[in-house]
Amino acid sequence: MPGIVTYGAYIPRYRVTVEEIAKVWGKDPQDISHGLFVTEKSVPGVDEDTITIAYEASRQALARIDIDLQKIDALYIGSESHPYAVKPSSVTVATALGIDNHYFTADLEFACKAGTAAMQIVSSLLACRKARYGLAIGADTAQGKPGDALEYTAAAGGAAFVMGSKREEVIAEVEDYASFASDTPDFWRGKYNKYPSHSERFTGMPAYFKHVVGATEHYFKKAKCLAKDFDKAVFHMPNGKFPRVAAKVLGFKESQIKDSLVVDLIGNTYSASSLLGLVRVLDKAKPGERILVTSYGSGSGSDVFVFKVTDNIKNLRKGQKLNSMIKDKKYLSYGEYCKHTGKIVQN
Amino acid sequence: MSIIQNWRLYESRYNLVGSVCRTCGKQYFPKSSFCSKCGSDKLTDETFSKEGTVYSFSKVNVSPYLFQKQTPYVVALIKLKNGPLITSQIVDSEAEKIKIGQKVKAVFRKISDEKKGEIISYGIKFRLL
């Protein structure tokens, strides 16, 4: 089976606190933080978007190995904030990285699970030997309507994984992957709408939990395994509460998921969320560890990936750890945050 | 700049591809087809290093319309490692924290604020190391 050859991440430097947002809208920040398990979120720079974030995460990944870029035969970016409605993000990222014209590519959108969808496509192309290496990227500059509950968590970030098939290069082998989907209207953004809408509490039980738990249990049944058979687990993180509850329902202990919970520090990075959780787990992973990742995308669907870390992880060049990117930050006022996220309309 | 003119510069803007005179060694960024130093037309493409040092810089408080959202911002002369002196922005740092001689590395960013319905320009800017 194919696997991850190298990985990278990117978190913009800017943050806005829940307290700063709550102050503007007359809400109690402690109430909100207590409910969401989030105290601040990452915000893109004024000149950053999904394309620049996807590029930076990919560059971090590629800097850790020696690879002929012309052997990257596939590049897929999952995001719900592609800068254009029509014009692919992937070709700009590939051109900037120096990849030539011979690669399979597309922009993907499936709310927050488009990043793992990219990983599924790349894994499948590698498995059927249509690609030598492939880049799977999840990146977002998520939008929350001013004053809406989502504004406290909708964040920015990206993660990129170069995947390949050579046993001597794979640091985390893909043991298997599976999906679970249904038509569930929990969160959406219309064609010409700037901000998404959501069905409030409906986003919980019939949406997130049904799919995350359903996909993971489907995999457990298929592979005849249980939570105890994994060293680490990653669940999509729309807030800090949902992945903890899902993990508990599925029989995982807090110790199995604690490394993945980037949401506590930077909020929900949408298509990058579960992938950044995987990056943080890989930053500490040891050979032999088994990692389960279950993403969630509203609308709705979940992808499950199971990885087994190999000895090759010890040989991967050290890159910038996700924790150091998270710590490098500058706080913005609400006004500056509005400027950074295009909430101020100038005619 | 028109969409097509911009497109022709992708290689230079995205990857710092310039030219080197094969007669006298003078380096150019962006590309040139003629050496202004020795008059030679024997120039070849060269991808320059994405690391450099701050040669000089200035803080821009009043900008052209397409850069208004980014103000205040820093425009700098960057001496690329083994490469020419180029003009670029330094991002993610307040001007007060930047010093001449500091090391910088290239990052990929939007060049200007997009106008509704227009193509977005991307390219290299720099960040303090």
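**Overall dimensions and strands**

Modeller: Keep in mind that this is a predicted model. For chain B, with 129 residues, a compact globule would have a radius of gyration near 14 Å, and the chain has 16 Å, which agrees.
Biologist: And what box do the C-alpha atoms of chain B fill?
Modeller: Taken along the principal axes, the box is roughly 45 × 40 × 20 Å, and buried residues account for 26% of the 129 residues in chain B.
Biologist: How many helices and strands does chain B have?
Modeller: Chain B has two helices and eight strands, and along the sequence they follow the pattern α-α-β-β-β-β-β-β-β-β.
Biologist: Which strands form the open sheet in chain B?
Modeller: Three strands form that sheet, in the order E2-E1-E3 with antiparallel pairing, and the edge strands, each pairing on one side only, are E2 (27-28) and E3 (43-47) of chain B.
Biologist: How many bridges are there between E1 and E3 of chain B?
Modeller: E1 (residues 17-21) of chain B pairs with E3(B) over five bridges, and Gly18(B) has Glu46(B) in E3(B) as its bridge partner.
Biologist: Switching to chain A, do E4 and E5 run parallel or antiparallel?
Modeller: Strand E4 (residues 72-78) and strand E5 (residues 104-108) of chain A run parallel and are joined by five bridges; from E4(A) the chain crosses through helix H4 (residues 89-97) of chain A to E5(A), in a right-handed β-α-β crossover.
Biologist: Which residue in E5(A) stands opposite Ala74(A)?
Modeller: That is Phe104(A).

Technical notes
Residues numbered from 1 in each chain as written. Chains lettered and ligands numbered in written order. Predicted model: local features only at pLDDT ≥ 70, side-chain atom pairs only at ≥ 80, totals over all residues. Pairing = 2+ DSSP bridges. Helix = DSSP H or I, 4+ residues; strand = E, 2+ residues; numbered from the N terminus. Right-handed = clockwise from strand over helix to strand, strands pointing away. Rg over C-alpha atoms; globule rule 2.2 N^0.38 Å. Buried ≥ 20, exposed ≤ 12 C-beta atoms within 10 Å, placed from the backbone.
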